[in-house]
Amino acid sequence: MTSNLTCVAVAALMFCAVLSDHAKAQVIDCDTAGPNALQNAINSGSYPVRFTGTCNEDIGIYWDNVHLIGNDTDPRQNVINGEVNIAVTEDIDLENLKITGDNFSITNEAFVFMDHVVVEGTAFGVFIARNSGAIMNNVFIGPALVDDGTQSCVPLCIGENSHVRMLNSTVNGATSDPVGGGAITVYRDASLTLRGGNTVTNSGSQPVIAVFSDSSVRQDDSQDNGTGTITAGTGLAVSVVQTATFDTREAVITGDIEVVGHAFMNVGSTVFGGDPSLMVIDGDIELGRDSALTVSSPLVTINGVISCHDDESSAVGDFAGSGSNTCSGFDAEVVRDDGTAQFLVEENAASTANRSLVRLENNGNPQIALSNTQSGVNWKIGMGPSNSFFAKKGSRELRFTEGGALRLLASGNTFLLALPNGNLVIDGTLTEGSDVNAKRDIAPVDGASVLTQVASLPVSTWRYKDDQTGARHVGPMAQDFYAAFGLGSDDTRISPRDVASVALVAVKELQEVVRETQGELREKETEIASLKDRLRALEGLVAGLVGKRVAESGVAYGR
C-alpha cells in the first residue's frame with residue numbers, strides 16, 4: 001500500500017510539474033515577433049511552444065514529443081499561414097490552432113495528436129501518408145482552394161499504410177470537384193476510423209468518401225460521441241473500390257453508395273459497439289465486379305435500391321425502411337436459420353464408377369461463388385480466361401491453365417509459375433525446412449573426401465531438351481553427382497540444397513587447408529629466422545677468429 005501511495009504521489013508531482021511548465025511556457029505573439037519566430041521556438045527543444053496571432057511562415061517538425069499549442073482557446077486566433085510539414089516523429093501534439101496557406105502534411109512514419117485544430121483555406125488540404133498516423137479530436141478540415149482539377153484527393157488524403165482516427169470532427173469537401181475525391185480519400189493499404197460525432201460532407205459531384213486499394217473505413221459510435229453523418233452533394237456518398245472495405249455501424253448516410261472491384265461493405269454489425277437502429281442509408285447501393293454487401297442487423301434502415309450489376313456480386317441480410325434488394329435470386333434455394341441448411345446429391349447404384357454428380361453448364365465460363373456472411377470474405381472457383389480453372393479471392397488467384405501450367409497471381413501479375421515441363425519460376429525467395437528436430441540419421445561429413453570428389457566432379461553447360469526458351473545452364477549431371485556423393489532420391493535429380501551444402505563443405509575444407517598451410521608457412525618462417533640468426537652468429541665468430549689470426553701473423557713478422 002505504501003509503495004502504491006508513493007507511486008501515486010510521484011505521478012501527481014510529475015503531473016503538477018508538467019502543468020507548471022505549461023503555465024510558465026513563453027507565449028509567442030506572431031503579430032509582433034520577428035520572422036521564423038515560431039520555427040525557432042520549435043527548434044529550441046523547449047516544449048510546449050505556445051503562440052498567438054498570425055504566423056506567416058512555413059513550419060517543419062522533425063523531432064519527437066513536440067507540443068505546439070495555440071494560447072487562445074479559439075483556434076482561429078492562433079494561425080499558421082504557411083506550409084506545415086511533420087515527418088519521422090512520434091507523439092506530436094497540436095492544440096488550439098489553425099493552419100492555412102499551402103498545405104498540411106504528416107509523412108514518413110510520423111504520428112500526431114490533434115485537438116481543436118482547424119485546417120481551412122489551404123491550397124492542397126491535409127496529406128497523411130507513408131506509414132504515418134493521426135488521432136483527430138474536434139478537428140475541422142475545410143475545403144481546399146485548388147480549382148484546376150489536377151489534385152487526386154483533397155481536402156483530406158490518407159494513404160500508403162497510414163491510419164487515422166477521427167472523433168467529433170468535421171470535413172467539408174471541396175466544391176471544385178478535384179479528380180479523385182470530394183472530402184476524404186483513403187488509399188494504398190490505409191485505414192480511417194470514424195469513432196462517432198463526425199460530419200463529412202461534399203457539395204460537388206465527387207464521392208464524399210472514396211476508399212481504394214486494400215484500404216478500409218470503419219464507422220461506429222463505440223465511444224458514445226454521437227451518430228456520425230455522411231452527406232453527398234450531386235455525387236456519391238461513398239465509393240468503395242479495388243478490394244477495399246467499408247464497415248458502418250451507426251451513422252446517417254445521405255446519398256448513393258458504390259461498391260465495385262472485389263470490394264466489401266458491411267452494415268449494422270455490433271461487434272465493436274454502436275446502435276444499428278440508428279444506422280440509416282438514404283440512397284441506392286450499387287454492387288459490381290465481384291463485390292459484396294452484408295446487412296448484419298434487420299434494425300438497419302435502407303431507403304434505396306440495392307442492385308448487383310454482375311452475377312459475381314451479392315447482397316444479403318434483412319433491413320428496415322423503404323429500400324429493396326434487386327440482386328439476382330436463385331432457382332433453387334435452401335435457406336434456414338437453425339444451422340441445418342445443406343445440399344445433398346447421392347447416387348446409390350450398385351456398380352462402382354466415376355460419375356459427375358454436379359454439373360454446371362453455361363454459355364460462358366461456369367463459376368461457383370463462396371461467401372462468408374460473417375467475415376465478408378468471398379471466394380470464387382470455376383473456369384476462367386482461356387479455359388483455365390481458378391480459385392480466386394479479391395485480387396489473389398490460383399489458376400491452372402489448359403496447357404497444364406499452375407499460376408499464382410496478385411492483381412493480375414504472376415508471382416509463381418509452375419510449367420508442365422517442370423520449370424518453377426518465383427518472384428520471391430525459396431525457403432526449405434531445415435529444423436534439426438525434423439531430421440534423423442545425422443552424421444558428420446568427411447570434408448577432405450568431399451573436397452576430393454568436388455575436384456573430380458565434371459561440370460558442364462547445357463540446355464534442357466524441352467525448354468522452348470533455349471536457356472543455358474551450368475552444373476554437374478545428376479548421375480555424376482549421385483555417384484560422387486550418394487545424395488538425393490535417385491540419380492536423375494539434384495536437390496539445390498545438396499549442391500549448396502556440398503559447396504559449403506568444400507569451402508570449409510579449403511579454409512582448413514589454407515589454415516594448415518599458413519601454419520606450416522609460419523613454422524618454416526620461424527625456422528628460417530632461427531637459421532639466419534645462427535648464420536649471423538657463425539659469421540661473427542669466423543670474422544673474429546680471422547681477425548685474431550691476422551693480428552697474430554703481424555706480430556710474428558715484426559709488424
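Cysteine 30 first: I looked up its relative accessible area and got 12%, so I have it down as buried. Keep in mind that I am working from a predicted model. Its partner is cysteine 55, and the two sulfurs sit 1.7 Å apart in a disulfide. Cysteine 55 is buried as well, at a relative accessible area of 1%. I checked the handedness too: the turn about the S-S bond is 65 degrees, and the link of cysteine 30 and cysteine 55 is right-handed. What does this pair tie together? Cysteine 30 is in the loop between strand S1 (27–29) and helix H2 (37–43), while cysteine 55 belongs to strand S2 (residues 49–55), so the bond connects parts 25 residues apart in sequence.

How many disulfides does a search of the whole structure find? I get two. The other one joins cysteine 308 to cysteine 327, S to S 2.1 Å. Its S-S torsion is about 80 degrees, so I noted this disulfide as right-handed. The pair links distant parts of the chain, 19 residues apart: cysteine 308 is in strand S28 (residues 305–308), and cysteine 327 is in the loop between strand S30 (324–325) and strand S31 (367–371). Is cysteine 327 buried or exposed? Its relative accessibility is 14%, and since buried means under 20%, cysteine 327 counts as buried.

Next entry, threonine 100. I found it in strand S7 (residues 92–107). At 15% relative accessibility, threonine 100 goes in the buried column. I then asked what its side chain reaches: the backbone oxygen of glutamate 120, at 3.0 Å. Leaving out residues up to four places away in sequence, threonine 100 touches Val79, Ile80, Asn81, Gly82, Glu120, Gly121 and Thr122.

Then strand pairing. Strand S17 (residues 216–220) and strand S20 (residues 245–248) run parallel, joined by four bridges. Across that pairing, I see valine 217 opposite phenylalanine 246 in S20. S20 is also joined by four bridges to strand S23 (residues 264–267), and those two run parallel. Here I noted aspartate 247 opposite asparagine 266 in S23.

From S17 I moved to aspartate 221, which is in the loop between S17 and strand S18 (228–231). Buried or exposed? With 8% relative accessibility, aspartate 221 is buried. A polar atom of its side chain lies 3.0 Å from the backbone nitrogen of glycine 226. Not counting residues up to four places away in sequence, aspartate 221 touches Arg195, Gly196, Gly226, Thr227, Glu250 and Gly274. I also took a C-alpha to C-alpha distance: aspartate 221 and asparagine 198 are 9.7 Å apart in space and 23 residues apart in sequence.

Last entry, empty space. Rolling a probe the size of a water molecule over the atoms shows where such space is left. How many cavities of 30 Å³ or more are there? My count is one. The largest cavity holds about 50 Å³ of space. I wrote down its lining: Phe264, Ala292, Leu293, Thr294, Ser314, Val316, Ser371, Asn372, Thr373, Gly376 and Asn378. Which strands each supply at least two residues of that lining? Strand S26 (292–295) and strand S29 (314–316) do. The largest share, three residues, comes from S26.

Terms used
Residues numbered from 1 in each chain as written. Predicted model: local features only at pLDDT ≥ 70, side-chain atom pairs only at ≥ 80, totals over all residues. Heavy atoms only, no water. Disulfide = S-S within 2.5 Å. Buried < 20%, exposed > 50% of the residue type's maximum accessible area, 1.4 Å probe, protein only. Polar contact = N/O pair within 3.5 Å; in protein donor to acceptor, adjacent residues only side chain to side chain. Contact = heavy atoms within 4.5 Å. Pairing = 2+ DSSP bridges. 1 Å grid on protein atoms, 1.4 Å probe; cavity = no way out; pocket = protein on both sides within 12 Å on 5 of 7 lines; lining within 4 Å. Points joined across faces, edges and corners; volume = space filled by probe spheres on them.
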